[in-house]
Amino acid sequence: QLQVVESGGGLVQPGGSLKLSCGASGFTFNDGNYAIGWFRQAPGQEREGVACINHDGSTLYTDSVKGRFTASRASAKDTVNLQMNNLRPEDTGVYFCVVVEKLSEPSMCLTLRSYEYDAWGQGKQVTVSA
């Protein structure tokens, strides 16, 4: 059974940095056709796709985080990191990691319906505040 677990996050001042990690259970990211995505949800707002890394290493970002966030594979082959730099108050929210297997089109990584992802993490709070 595919599972993902987030770690990291926390509280940081505007302009600071945080890292989130997504750990895999029940699969090895590098051993198959898996895409790992990150979503976030702020209070009272809809959940939005933030970043994605596909099995071939290609990445996808929503416009608001381009140039500030970087998704990458960690040295541990079952972990994907999301490095978040130059954070802004509007980046505040609960961040979720997702996994989808055999994505037919990498560009769809952040636009599937919720139930089309094979697993969701429990979420981690990221707060950007002075």
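In these legends, buried means under 20% relative accessible area, exposed means over 50%, and partly exposed lies in between (1.4 Å probe, protein chains only). This is a predicted model, in which local features need pLDDT of at least 70 and side-chain atom pairs count only at pLDDT 80 or more, while totals for chains, interfaces and linings use all residues. Residues are numbered from 1 along each chain as its sequence is written, and side-chain values use heavy atoms, with hydrogens and water left out.

Figure 1. The secondary structure comes to 0 helices and 11 strands, where helices (H or I, at least four residues) and strands (E, at least two) are DSSP runs numbered from the N terminus. Reading along the sequence gives β-β-β-β-β-β-β-β-β-β-β. A compact globule of 130 residues would have a radius of gyration near 14 Å, and the protein agrees, with 14 Å; this radius is taken over C-alpha atoms, and the globule rule is 2.2 Å times the number of residues to the power 0.38. Along the principal axes, the C-alpha atoms fill a box of roughly 40 × 30 × 25 Å. Of the 130 residues, 42% count as buried. Contact means heavy atoms within 4.5 Å, and among contacts between residues at least 6 apart in sequence, 60% join residues at least 24 apart.

Figure 2. The 11 positive and 13 negative charges have mean positions 4 Å apart. Here Lys and Arg count as positive and Asp and Glu as negative, leaving out His and the chain ends. Each charge is placed at NZ of Lys, CZ of Arg, CG of Asp or CD of Glu.

**Figure 3. Leu60 in strand β6.** Zoom in on Leu60, which lies in strand β6. Leu60 is partly exposed because its relative accessible area is 27%. Its contacts, not counting residues up to four places away in sequence, are Val50, Ala51, Cys52, Pro106, Ser107 and Leu110. Leu18 is 42 residues from Leu60 in sequence, and the two are 19 Å apart in space, C-alpha to C-alpha.

**Figure 4. Gly49 in strand β5.** Gly49 belongs to strand β5, residues 48-53. With a relative accessible area of 16%, Gly49 is buried. Leaving aside neighbours within four places in sequence, Gly49 is in contact with Trp38, Phe39, Thr62 and Leu110. The C-alpha atoms of Gly49 and Tyr95 are separated by 9.6 Å, although the two residues are 46 residues apart along the chain.

Figure 5. Look for Arg40 in strand β4, residues 34-41. This arginine counts as buried because its relative accessible area is 5%. A polar contact is a pair of N or O atoms within 3.5 Å; within protein, one must be able to donate a hydrogen and the other to accept it, and residues adjacent in sequence count only if both atoms are side-chain atoms. The side chain of Arg40 makes such a contact of 2.9 Å with the side chain of Asp91, and another of 2.9 Å with that of Tyr95. Beyond four places in sequence, the residues that Arg40 touches include Glu46, Glu48, Phe69, Glu90 and Val94.

**Figure 6. Arg68, a buried loop residue.** Arg68 sits in the loop between β6 (59-61) and β7 (69-73). Its relative accessible area is 5%, so Arg68 is buried. Its side chain reaches the backbone oxygen of Ser64 at 2.8 Å. Not counting residues up to four places away in sequence, Arg68 touches Gln83, Met84, Asn85, Asn86, Leu87, Arg88 and Asp91.

Figure 7. Asn86 is in the loop between β8 (79-84) and β9 (93-101). Its phi is near 50°, a positive value in a residue other than glycine. Asn86 counts as partly exposed, at 42% relative accessibility. Lys102 is found in the loop between β9 and β10 (119-120). Lys102 has a positive phi of about 55° although it is not a glycine, and this lysine counts as exposed, at 61% relative accessibility.

**Figure 8. Thr79 in strand β8.** Thr79 lies in strand β8 and is buried, at 18% relative accessibility. Thr28 is 51 residues from Thr79 along the chain, and their C-alpha atoms are separated by 8.6 Å.
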